[in-house]
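Here are some numbered points to read beside the structure. Keep the view open and find each residue as you go.

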Amino acid sequence: MPTPRTGGADASLSSSEWERRLTAHYLREDGPFGVSPLDWIDATPAELALAAGLPGASDEEVQAAFLKQFSYWSVAGWLDGRNALPASDHDVPGYFRYLVLTAFVSATEQGAGDTRDFRKRLGELLGHIGAMQAVGGVNRLWGELAAWSKARRAAGHPIRRVILPEPGQMRRIGVAVLIAFPAWRDRQILTNILASLSPTVRGSPHRLAAELSRPQYNGACSPNVAAAFDDFAAGLVAGRADLADHRFWRLVESVSQRLQDGRQGSD
């Protein structure tokens, strides 16, 4: 039986420190994503650990530390559009951690139940009985982030441009659902694909890339996951040394571990 990791996450980070670290990690051009526009956001526990500077922490520890800063009513105030926005000339948006939370709702597998309902998943993550109904301002708040980015860039600050997806018919939460990497739909599709492959294939980056490059998988996942796979496959060809921490491979490992745990549980 594996030995549990302990002491990995610092649950004492304040909300303002989370805001500062998340902004530096995701929004600054001198951060890990460089000058590329922000048109997707990896809000998985593994990426949050990197953002918060919590090396060695388990997904469960990172998730607990991240969620500890939120109360039901503070989340309701921001996501329903009732809270006043800070001035756009601040170094940090002041509400970015709440937007990361909206992406985290889709990206996490822990503590959100089996439902794909955004409101129910959010309510469960916050320990609330029933769905979180106060989400009418989610899309607008993402729009405010794009405006903050534009203002900061115009003032000469190294902030990534924010490009938001069209929410379609999801007028309240569509941006959060579509910008998250991975969305639950992508995770389910990839789970079905990987379940059909042998552990040997899905455990080998080169063999898996060759398999997923077959025409039958074209268009299976969202553009976000497709772009991640293309970047991963190109990195394999180029012999990049950093692919063990690539977002696509981390997603594959997460799904593969779930498949393995599920089989063990049914033995």
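1. Where pLDDT is low, the predicted coordinates should not be read in detail.

2. Now the chain as a whole. Its average pLDDT is 86. A score of at least 70 is reached by 91% of the residues.

3. Look next at helices α1 and α2. Two packed helices are described by the angle between their axes and the distance between the axes. Helix α1 covers residues 15-26, and helix α2 covers residues 45-52. Their axes come within 8 Å and cross at roughly 105°. Angles of 65 to 115 degrees count as roughly perpendicular, so α1 is roughly perpendicular to α2. From α1, the contact uses Trp 18, Arg 21, Leu 22, His 25 and Tyr 26. From α2, Glu 47, Leu 48, Leu 50, Ala 51 and Ala 52 take part. Sorted by type, the residues of this contact are seven nonpolar, one polar and two charged.

4. Stay in α1 for a charged pair. Side chains of opposite charge can pair when their charged atoms come close. Glu 17 and Arg 21 form a salt bridge, with their closest N and O atoms 2.7 Å apart. Both residues lie in helix α1. They are four residues apart, about one turn of the helix. Is Glu 17 buried or exposed? Glu 17 counts as buried, because its relative accessibility is 19% and buried means under 20%. Arg 21 has a relative accessible area of 23%, so it is partly exposed.

5. How many salt bridges does the structure hold? There are 13. One of them joins the side chains of Arg 28 and Asp 30, at 2.9 Å from N to O. Arg 28 is partly exposed, at 28% relative accessibility. Asp 30 is exposed, with a relative accessible area of 54%.

6. Another bridge spans the chain. Asp 91 pairs with Arg 152 in a salt bridge, and their closest N and O atoms are 2.8 Å apart. This pair links distant parts of the chain, 61 residues apart. Asp 91 sits in the loop between α4 (72-79) and α5 (96-107), while Arg 152 belongs to helix α7.

7. Which residues of α4 are buried? They are Tyr 72, Val 75, Ala 76, Gly 77, Trp 78 and Leu 79. That is six of the eight residues of α4, so this helix is largely enclosed by the rest of the structure. Its buried residues pack against α5, α6 and α7. Just after α4 comes Gly 81, which takes a positive phi of about 80°.

8. The axes of α5 and α6 are 9 Å apart, and the helices pack at an angle of about 105°. That angle makes α5 roughly perpendicular to α6. In α5, Leu 101, Thr 102, Phe 104, Val 105 and Ser 106 make the contact. They meet Phe 118, Arg 121, Leu 122 and Leu 125 in α6. The residues of this contact divide into six nonpolar, two polar and one charged.

9. Where is His 128 found? It is in the loop between α6 (118-125) and α7 (138-154). Leaving out residues up to four places away in sequence, His 128 touches Tyr 72 and Gly 123. Its relative accessible area is 29%, so His 128 is partly exposed. From His 128 to Glu 166 is 38 residues in sequence and 29 Å in space, C-alpha to C-alpha.

10. Finish with a peptide bond. Most residues other than glycine have a negative phi, and most peptide bonds are trans. The bond from Phe 181 to Pro 182 is cis, with omega near -10°. Pro 182 lies in the loop between β2 (180-181) and α9 (184-195).

Methods: Residues numbered from 1 in each chain as written. Heavy atoms only, no water. Axes fitted to C-alpha atoms, helices over the stretch in contact; angles between N-to-C directions. Helix = DSSP H or I, 4+ residues; strand = E, 2+ residues; numbered from the N terminus. Parallel < 35°, antiparallel > 145°, perpendicular 65-115°, else oblique. Contact = heavy atoms within 4.5 Å. Nonpolar A, V, L, I, M, F, W, Y, C, P; charged D, E, K, R; others polar. pLDDT = per-residue confidence, 0-100. Buried < 20%, exposed > 50% of the residue type's maximum accessible area, 1.4 Å probe, protein only. Salt bridge = Lys/Arg side-chain N within 4 Å of Asp/Glu carboxyl O.
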